[in-house]
Amino acid sequence: MKKSATILLALTTAAALMLTACSGSSNSSTKASGSSGDTGEKTLVVANWKGYGSDADYGAPAFEKLYNCKVVHQYFTSEDEMLTMLQTGGMGKIDVILPNSTYIKTAYDEGLIQPIDTSKLTNYKNLNDTWKNFSDANIDGKTYAVPWTWGTTSLGYNPDIVKDKITSWSSLWDPKYAGKIGFFDDYETAIMTTALYLKEPDPMKPDLDKVKDSLLQLKKNTKVLWSSYDDYLKPYAANEIAIGNMWTGTATQLTKAKHSVAYITPDEGTIGWGDFWSIAKNAPDYDLALKWVDFMTGEQFQTAFATGDNAHCPVNNLVTDKLTTDQKKDLWIYPSTPSKIYIEQALDTQTRQAWLNVWNTIKAS
Amino acid sequence: MPNSDKKITRGSLLVAPSSLLLLCFSVIPLFMLIFFSFINGNIGPDGSIAGYTTNNFTMIFSDSTFTKLMFKSLGIGIVVTLICVIIAYPAAWGIAKIAKAKNHNLLIMLVIIPFFTSQILLIYSIMVILQAKGLLMSLLGFLKLADPATSILYSNVAVIIVLIYEYLPYMILCIYNSIEKIDDNLIYASHSLGAGWFKTFVNVVFPMSMPGLLSGIMLVLVPVTGSFVEPGLVGGSNGMMVGSLINSQFSTVLNMGYGAAISFVFLIIISIIMGIVRVLMSRANRSIGGA
């Protein structure tokens, strides 16, 4: 009995030691890789989602070869985690981060990012103006974020069931489609979409009372409030819903699953999101970070990114122009990239709460 | 006498670990919830608090959203609990008294098996059965009873069905536990004294199964009233419940103070209702003249 207890104790101690050793090595890899390399080999620390382009063969490895450096990825699983990473010791270690359009302002407000010297970016002049000029990315005349890829939450429908030519958000309010509508369960999208339908001058600052009335009508037409791909795919496949707002990715998924789908940009314009590169404050290697941002928006990378298995819309105009018709159709930018895109911005705390309250009231009524 | 004293001291020592557990995971969190319901907004990344306010509570009752959702959620909770009780009594009776003793464990096992599967999978599997062109609708369509391209998914009825499916096992187990303890001789005695099935149930079985029923109601009513995953997935545009309102404060606008305040009010309302249930049941028990 005693013997076996001793063995057990020894085993646990050994296991614990091994665990600490492992975690220790993975923690220090960031620093180790910098010093262990040849003299002069630099390291760049990139914070991004796992499997999102930058760690593909045409991403980091290509960049490493080009600039004789090492790229280390730190993965996050939510935008909040990305910010927390910097706040809890990442500052001074991480060079570049990838905030979503709704998170740039937050990162700026919390002092996590620094201005980007766009005069040193060779590809910046070729980037799409809609995204380049996004207000949250340019604060006080300085650029804090460079666009990388984007998508929309636009109007999609099943042409087998919806026979009319759909050109406007007003179709969602059409009694003809009552009970056939799927709508995104997200307060910001809901209010911006309704503001577009109402032709409010600034969809980010709409008349909330008017929006509320219209949303109440929309709700009566709505069958499903979705919040994931799967939420949409199931009822769409069963023909329970036939029209509604959806992500670009949802339209792609539906096409892949052999369902007929049309994905359009309504005349009033559409809602867009973008992922942007920002350079972290106190980045260890600012120059290399600039080169990374330039490479990520360059023709070589953007072409590969837009034509891979999981295609993403490019921001580089030269790349977009060279895409074939089929490639453009896959990205839902055929015949042309939507011109009227309203990009989701960060909302201040009060607006955020007011908008959520409107949306919750609608859902509760 | 000194001997029994010793036993008591030892007993209280043995209780220490579980008391500590209760303190750490029940009492302290409860006070944290009350504390956070008075903070302004969210706590900062460095743990800082922006200020204290009672606004969170005035905001809850500033419009009818919370009240409406609270009533609706309680309604759903009560309906689900009642249906669970109605289904669970015969099931528990069957397992405890009709089935052969050697089969009890097997039958209880069958009731427990759904617990081995994740809740989200249970919901999705019910959705597959209920959805348009799914198993149920195809069958009804084949029998010319309904159009297979429609379904009852994305409605409050669907939410109730899913919740019953999820929580029925708790009710069966609780009631089974109480019924199993009832001495068969009491039932024989009741019959031999001329009571029919109904009278026996009302005067003997029901009063004696009251403790199990009460814990069953507690285990079903409380989580069902606070649920937010099921209404989100199968409730459609009218699915929202009070749990979804709380969830949205934490997950979409990061307003921890307001979310905690709603949770706190919810906790108070639910506690009052459980208190009422307890009083009603002990009254019923007394008027029946049971134990």
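Two residues are in contact if their C-beta atoms, placed from the backbone, lie within 7 Å. This report applies that criterion to a predicted model.

**Two helices of chain B**

Under this definition, Gln119(B), Leu122(B), Ile123(B), Ile126(B) and Leu130(B) of α5(B) meet Ala158(B), Ile161(B), Val162(B), Tyr165(B) and Glu166(B) of α7(B). Classified by type, the residues of this contact are eight nonpolar, one polar and one charged.

Two packed helices are described by the angle between their axes and the distance between the axes. For helix α5 (residues 119–130) of chain B and helix α7 (residues 156–180) of chain B, the angle is about 130° and the axes lie 10 Å apart. Angles over 145 degrees count as roughly antiparallel, 65 to 115 as roughly perpendicular; α5(B) and α7(B) are therefore oblique to each other. The crossing of α5(B) past α7(B) is right-handed.

**Chain A and its domains**

Chain A contains 14 helices and 14 strands. Of its 365 residues, 43% are buried. Among contacts in chain A between residues at least 6 apart in sequence, 76% join residues at least 24 apart.

The domain assignment divides chain A as follows.

| Domain of chain A | Residues |
|---|---|
| Domain 1 | 41–150 + 274–337 |
| Domain 2 | 152–272 + 344–364 |

The C-alpha centres of domain 1 and domain 2 of chain A are 28 Å apart. Their contact involves 11 residues from domain 1 of chain A and seven residues from domain 2 of chain A. On the domain 1 side, helix α4 (residues 104–109) of chain A gives the most, with three residues. The residues of that side comprise four nonpolar, five polar and two charged.

Notes: Residues numbered from 1 in each chain as written. Chains lettered and ligands numbered in written order. Predicted model: local features only at pLDDT ≥ 70, side-chain atom pairs only at ≥ 80, totals over all residues. Domains from an automatic or database assignment. Helix = DSSP H or I, 4+ residues; strand = E, 2+ residues; numbered from the N terminus. Nonpolar A, V, L, I, M, F, W, Y, C, P; charged D, E, K, R; others polar. Buried ≥ 20, exposed ≤ 12 C-beta atoms within 10 Å, placed from the backbone. Axes fitted to C-alpha atoms, helices over the stretch in contact; angles between N-to-C directions. Parallel < 35°, antiparallel > 145°, perpendicular 65-115°, else oblique. Left-handed = near helix turned anticlockwise from the far one by under 90°.
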